[in-house]
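Trainee: I would like to go through this model with you. Could we begin with the terms and then turn to individual residues?

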Amino acid sequence: MCGIVGIVSVSQTAVNQEIYDALTVLQHRGQDAAGIVTCENGRFFQRKANGMVKDVFRTRHMRDLYGNMGIGHVRYPTAGSSSSAESQPFYVNSPYGIAMGHNGNLTNADELSEELFQQDLRHLNTNSDSEVLLNVFAHELMQQKKLAIDYNDVFNAVKGVHKRARGGYAAVGIIPGLGVFAFRDPFALRPIVVGKRQTEFGTDYMVASESVALVSLGFKIEKDLAPGEAVVMTENGQIFYEQCAENPVMTPCIFEFVYFARPDSMIDNISVYKSRLRMGEKLAEKIQREWPDNDIDVVMPIPDTSRTSALELAAKLGKPYREGFMKNRYIGRTFIMPGQHLRKKSVRQKLNPIDLEFEGKNVLLVDDSIVRGTTSGEIVQMAREAGAKKVYFASAAPAVRYPYVYGIDMPSASELVANNKTTDEVAEFIGADKLIYQDLEDLVDAVTFGNSKVKMFDTSCFSGIYATGDITPEYLASLDTARNDSAQSVKNEISKETVGLHNGN
């Protein structure tokens, strides 16, 4: 999962600071690397590197990012890779000069890589499918065979991308002399929203992964891109939209609402915050229905994502709500950390229990989801060590039983704790006295309630039903090989050795 942003300012004001500010708002979507590309007088200016936004961009870097239009990207390590070579945006000089950042995952990236080499005669320098997407777009744009291009040429290129690329993707790019463009996959799996801001010089335009990035900079939300839709924001302040997919289907990823998006965001006109409130309400109704004689003394969230659901759950059950864990906000999100060792180690660095809230009580811990079970098990143990008499565990999401293939780096199926396990077996694995999962129908109801126009969501990590309809057992088997932690430890060691060689070590 990554965060993308693009801005065009008609006032000729440098956009470097605003892109930086937007990336800090989107930092929750990726903490591994960050990058900005700006454009002035037909020339690109770039800074990208591994690290948090505040660490990648120093004053000296910001001074060199000239121009009134630009794009930015924050990244987390796809399939465990954290190589600085794969930080974004990527750049190709042919045709016209194009820089692009991407959020998502191409499920046919290997096939496209081969096509790019054999047929399109294009060289790829990384293993990133974002570079694949950029080169496919560049090749399609080259087919226009024009010295100067306009927005229609971009739309034609996006149409070519949609015909060749499969998977989930939201992309933002920039072309000198034209402006900033963005597009969304034909299933709308990855989010992207457009905003505008009136100035005395005209209208500034912006795109971002989440609405909160736009609002924080004073932009008003104009629309979410529809599935398959593209937008071009020209450097002179014009904006153009076009549907570029032949058979678009609206199936946004439901896990955005469960975990990844900020609660103050709107995605496809659905409030993430309200969705999480309803998740807590639905979960409380399930507890009342299936466990009416419960002996829960107190409800506690596992900060931060589950706080909204836990608060509503406690209110619905009529139980006290307490903050039992204090969070160190300077530790990254454990779900997106590469490697089991780092995830397990960071849990106790990130959370510290308040013993007085646990002593002698039957505690219901609420989390947004359970993936590997490593974090959940550590937290249950911490609650017991803090003096809890019984520790119950509730997940605002259903059991995660299947890999996610559209841009959220879920582990291999063999490492998903709920894969081939019953609820009682998962409870035993994490050490809880009882485990309650959200029902899938209730989760869908909780999110669908916000926008009746969205009829379906991709729920593949819970249901095993993949929206694009092209995910085979063979593809999942290849993911299992690439994503399991033992394979990643070898891959990361190779990456370190390669970096050493490049540095002359």
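Mentor: Let us start with burial: buried means under 20% relative accessible area, exposed means over 50%, and partly exposed lies in between, with a 1.4 Å probe and protein chains only. This is a predicted model, in which local features need pLDDT of at least 70, side-chain atom pairs count only at pLDDT 80 or more, and totals for chains, interfaces and linings use all residues. Residues are numbered from 1 along each chain as its sequence is written, and side-chain values use heavy atoms, with hydrogens and water left out.

Trainee: Is Arg-75 buried or exposed?

Mentor: Arg-75 counts as buried because its relative accessibility is 2%. Arg-75 belongs to strand S4, residues 69-75. Helices (H or I, at least four residues) and strands (E, at least two) are DSSP runs, numbered from the N terminus.

Trainee: What does the side chain of Arg-75 reach?

Mentor: It reaches the backbone oxygen of Glu-86, at 3.3 Å. A polar contact here is a pair of N or O atoms within 3.5 Å; within protein, one must be able to donate a hydrogen and the other to accept it, and residues adjacent in sequence count only if both atoms are side-chain atoms.

Trainee: On to Tyr-169. Where is Tyr-169 found?

Mentor: Tyr-169 is in strand S7, residues 167-175. With a relative accessible area of 0%, Tyr-169 is buried. Its side chain makes a polar contact with the side chain of His-162 at 2.8 Å.

Trainee: Which residues does Tyr-169 touch?

Mentor: Not counting residues up to four places away in sequence, Tyr-169 touches several residues, including His-102, Asn-103, Leu-133, Phe-183, Arg-184 and Arg-190. Contact means heavy atoms within 4.5 Å. Asn-103 is 66 residues from Tyr-169 in sequence, yet the two C-alpha atoms are 5.6 Å apart in space.

Trainee: Now salt bridges. How many does the count come to?

Mentor: The count comes to 30 salt bridges, a salt bridge being a side-chain nitrogen of Lys or Arg within 4 Å of a carboxyl oxygen of Asp or Glu. One of them joins the side chains of Glu-256 and Arg-29, at 2.8 Å from N to O. This pair links distant parts of the chain, 227 residues apart: Glu-256 is in helix H8, and Arg-29 is in the loop between helix H1 (16-25) and strand S2 (33-40). Both Glu-256 and Arg-29 are buried.

Trainee: Which residue forms a salt bridge with Asp-268?

Mentor: That is Arg-184, with the closest N and O atoms 2.9 Å apart. This pair also links distant parts of the chain, 84 residues apart: Asp-268 is in the loop between strand S14 (266-267) and S15, and Arg-184 is in strand S8, residues 179-184. Asp-268 is buried, at a relative accessible area of 4%, and Arg-184 counts as buried at 1% relative accessibility.

Trainee: And Asp-204, what does it pair with?

Mentor: Asp-204 forms a salt bridge with Arg-197, the closest N and O atoms being 3.0 Å apart. Arg-197 is buried, with a relative accessible area of 16%. Elsewhere, salt bridges that share partners join Arg-29, Arg-190, Glu-210 and Glu-256 into one network.

Trainee: What does H15 pack against?

Mentor: The buried residues of H15 pack against helix H8 (255-260), strand S15 (270-271), H9 and helix H16 (460-463). H15 covers residues 440-448, and its buried residues are Asp-442, Leu-443, Ala-446, Val-447 and Thr-448.

Trainee: What about helix H10, which of its residues are buried?

Mentor: In H10, residues 307-317, they are Thr-308, Ser-309, Ala-310, Leu-313, Ala-314 and Leu-317. These buried residues pack against helix H9 (272-290), strand S16 (298-301) and strand S19 (362-367). Gly-318 follows H10 and has a positive phi, near 70°.
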